[in-house]
Amino acid sequence: MQNSTTRRIILAVFAVSILLFAIPHFYENIFAVSVPAGMRLLIDAFIFLLIVSLLYTFYQHTRHADYLISQVPERQPSGTQYLDLLPEGVAIVDTEQQISYLNQAGKALLDLAAAPDNARLLSDWTARFCASCTGVNDPSPAEETLLIDSPVTPLRTLLVQTRPLFDAHGKLVQTITLLRDTSEISRNEIESKRVQKLAEQALAEREIFLANISHDIRTPLNAILGFSELLDQRKTEPDDRTYLEGIRTSGTNLLALINELLDLSRIESGQLTLEPRPVLLDDIVQAVAAEIIPKARRKNVQYRAQVDPDVPSVFMADRLRLTQVLLAIGTHAINFTDEGLITLTVQQRTADPLQGTHLLFTITDAGNDIAADKLEHVFDRFGRVSDQAMYRSGGTGLGLNIARSLVALMGGTISAESHSERGTSFCVGLPVDRADTPAPVLTQTTRTMRPRSIPAQMTVLLVEDNILNQKVMAGYLNRYQLKPTIVNNGLEAIEVLKDRSFDLIFMDIQMPIMDGYLATETIRQQLALTTPIVAMTAYTMAGERERCLLAGMNDYLSKPIHMHQLDNVLARFMPTPVSSYEPTKPTKPVAMGTHVIDEDFLNELMDGDDELLAEMVTLFLQDLPTYRQTLFDSAEQQDHALFKQTAHKFRSSLNSLAMLNTAKSLKVLETDTTPDPLAKRIQLTSLFEEINDGLTFLQNRLA
Amino acid sequence: MNEMSNTPAQTIFIAEDEALILKMMTFRLQKQGYTVITAVDGRQALDLLQSLTPDLIITDLMMPYHSGLEVIEYVRTSLSASIPVIVLSASGDESIIQKAHSLGANEYMSKPFLPNELLERVKKHLG
């Protein structure tokens with residue numbers, strides 16, 4: 001039934017009937033036409049009938065409308081019925097914190113039948129929310145995670161989201177809350193976190209395992225390489241040299257393998273970080289050439305490096321790591337080239353000046369071209385293109401893989417391209433920042449001091465538990481005519497240091513009873529000695545050097561230790577860096593020291609009494625190490641006041657033993673405030689040489 | 001001063017922070033029959049001088065805690081105007097030597113000195 005149609009008909013009937021009812025009056029009053037009484041009666045009756053039928057129709061219509069209205073709730077579902085269909089829970093909470101409505105899903109989620117307390121949990125949360133809604137400035141988050149417990153179901157996590165409902169006056173009347181079960185999501189998150197943690201733990205454990213393996217391999221390697229270096233110094237038969245070379249090459253290869261495995265492990269655990277500093281491109285190119293050329297020579301291969309003139313000579317890079325990348329590629333090139341030319345070119349890509357400087361390193365070899373399908377695996381771990389070539393070269397197959405990771409860390413790209421019959425090109429594209437400051441002069445670290453410049457009086461304490469490595473170090477030091485005092489662990493070192501002073505201490509790190517860190521801390525803090533300590537460690541973990549320096553050590557040698565590394569360390573810490581110093585003969589002539597002691601003065605002082613002399617020499621020897629240390633330290637730190645004060649007092653002691661000239665030399669030094677600690681150290685060193693000579697003289701006289 | 005000259009064990013007080021010089025002086029003076037009391041710094045010197053009055057005082061000028069000048073000042077103001085004081089110094093700083101004299105030091109000896117020179121000066125004052 002169309003209501004609108006009915007209404008229109010009713011309205012039309014009503015209008016017509018009114019018109020008809022009005023017609024007789026119309027005639028009579030306006031046109032003054034008289035209508036006969038019979039006619040009027042007829043018309044009135046007709047109109048009456050019309051009105052009655054009209055009213056009936058209206059009554060009927062109203063009844064139908066009522067029927068329709070009464071039918072509506074039964075045929076259409078209510079709003080709350082819709083809400084019951086939702087899988088999410090919906091709760092309406094009034095301002096009294098009573099839950100005035102909860103849909104089916106909500107009832108199930110809160111499990112009110114089994115755990116009525118959950119209702120309060122929800123009320124409390126909405127109460128907090130309501131409180132924040134009235135405070136305009138500090139709305140609490142409309143979202144929170146509630147933990148729902150119930151005796152029937154396992155612990156669940158509900159994400160609750162609430163919105164306020166305000167009345168026309170802006171007053172908060174109710175809140176509507178959506179409840180969503182996120183237990184599954186939470187469980188997945190927890191599980192994935194657990195898996196991730198396990199993976200990280202496994203990676204860390206592998207890192208530790210590798211570090212320990214590396215330590216345990218380096219320790220015997222130190223002896224293997226050390227003894228072969230020592231043997232190589234002797235006159236040996238040609239055959240012996242070949243054997244020695246074999247031992248050394250094998251040892252070096254083993255070391256390279258361990259280094260690469262450690263690098264790989266660090267890359268995977270994300271512990272490998274770059275240290276960009278201003279570097280000279282020339283330094284890198286030369287370092288690569290220094291490694292590649294000897295290998296190339298053995299194989300009838302030429303090597304050439306070419307740098308374009310527009311390439312910046314100084315830029316920011318991690319020098320060691322960039323060199324490592326180029327060496328990995330260069331070594332690969334050597335391994336796969338039997339004869340011909342290997343070139344390294346460095347160019348600058350100037351496509352977009354806005355994108356900064358972009359360098360392109362290309363290494364092209366003349367080896368057999370690599371098939372395309374194998375070329376794409378060239379950077380894979382152990383991605384040996386030709387097992388035979390790798391076998392011959394003794395490589396590990398890790399070099400290029402590490403190179404790729406390093407280049408990625410540097411933000412660059414690495415690619416390989418094969419030219420048929422013309423070898424393979426490896427390209428490394430690297431975005432670099434230009435450096436304004438010139439690179440630090442690196443030649444200092446490579447310059448080595450001649451062994452003969454080390455004074456024989458230098459006293460060295462060697463703390464090392466491994467007997468073979470004790471022998472290696474002793475062998476190295478013997479080459480400088482130094483005879484170290486050897487102890488087996490940190491505790492023994494401390495016992496020795498209580499009675500004797502040394503010029504230099506070599507300290508192993510991992511030792512039984514007391515390790516190198518603890519020993520160093522004890523020496524620095526309890527014994528308050530400033531004797532230079534050089535760590536010798538087979539650990540190469542990141543931060544190991546810092547850890548050693550933090551413990552109070554002055555320098556760090558990584559095992560296996562090469563003989564030439566000792567040159568630098570001894571040059572750094574020896575009392576005299578005078579290169580013209582002649583090697584001291586092991587036994588001093590008895591007459592030595594006569595020029596130091598003023599004998600007349602001495603006789604005057606002692607009145608010919610050797611007892612007094614002996615007592616004074618003893619007193620002098622007691623204080624000598626402290627004076628010596630303080631003088632060298634204050635000279636080094638340019639603490640002129642302390643130097644002057646100490647020198648002044650020490651001068652008195654020198655005079656009291658008739659070392660008058662030495663005291664005068666010290667007086668000159670005392671007033672010398674040149675800001676050159678090295679010059680002062682040289683003079684101090686020769687001064688203490690004099691004193692030693694003088695003491696030898698005095699002791700001979702007493703003997 | 002001369003009234004003490006025949007006493008066999010005259011007491012000499014030495015304040016000197018340098019162990020070897022102190023040893024040497026002590027040794028040589030003891031050998032001459034003097035009783036020697038020593039202090040190794042200015043503080044110890046002033047402490048000891050609270051409770052003893054030596055026949056002669058030898059003091060270094062540069063010492064820790066209290067300088068030789070303070071020792072002289074204490075001796076002259078609180079102890080005795082007549083005790084001979086010999087000062088030792090390696091500095092050669094004229095103004096300090098002047099100061100020592102103005103405070104009442106009798107003799108000044110520049111380091112290094114020969115023990116016999118010291119013995120002569122001591123004998124001069126103690127007879």
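**Exercise 1.** In what order do the five strands of the open sheet in chain B lie?

*Solution.* The model is a predicted one, in which local features need pLDDT of at least 70, side-chain atom pairs count only at pLDDT 80 or more, and totals for chains, interfaces and linings use all residues. Residues are numbered from 1 along each chain as its sequence is written, chains are lettered from A and ligands numbered from 1 in the order in which they are written, and side-chain values use heavy atoms, without hydrogens and water.

Step 1: find the strands, which are DSSP runs (E, at least two residues; helices are H or I, at least four), numbered from the N terminus. Step 2: pair them, asking for at least two DSSP bridges between two strands. The order is β2-β1-β3-β4-β5 in chain B, with parallel pairing.

**Exercise 2.** How many bridges join β4 to β5 in chain B?

*Solution.* Strand β4 (residues 85-89) of chain B is joined to β5(B) by four bridges. Within this pair, B:M109 of β5(B) is the residue opposite B:L88.

**Exercise 3.** Is A:A551 buried or exposed?

*Solution.* Step 2: its relative accessibility is 7%, so A:A551 is buried (under 20% relative accessible area; exposed is over 50%, partly exposed in between; 1.4 Å probe, protein chains only). Step 3: list contacts (heavy atoms within 4.5 Å); beyond four places in sequence, A:A551 touches A:Y517, A:T520, A:E521 and A:R524.
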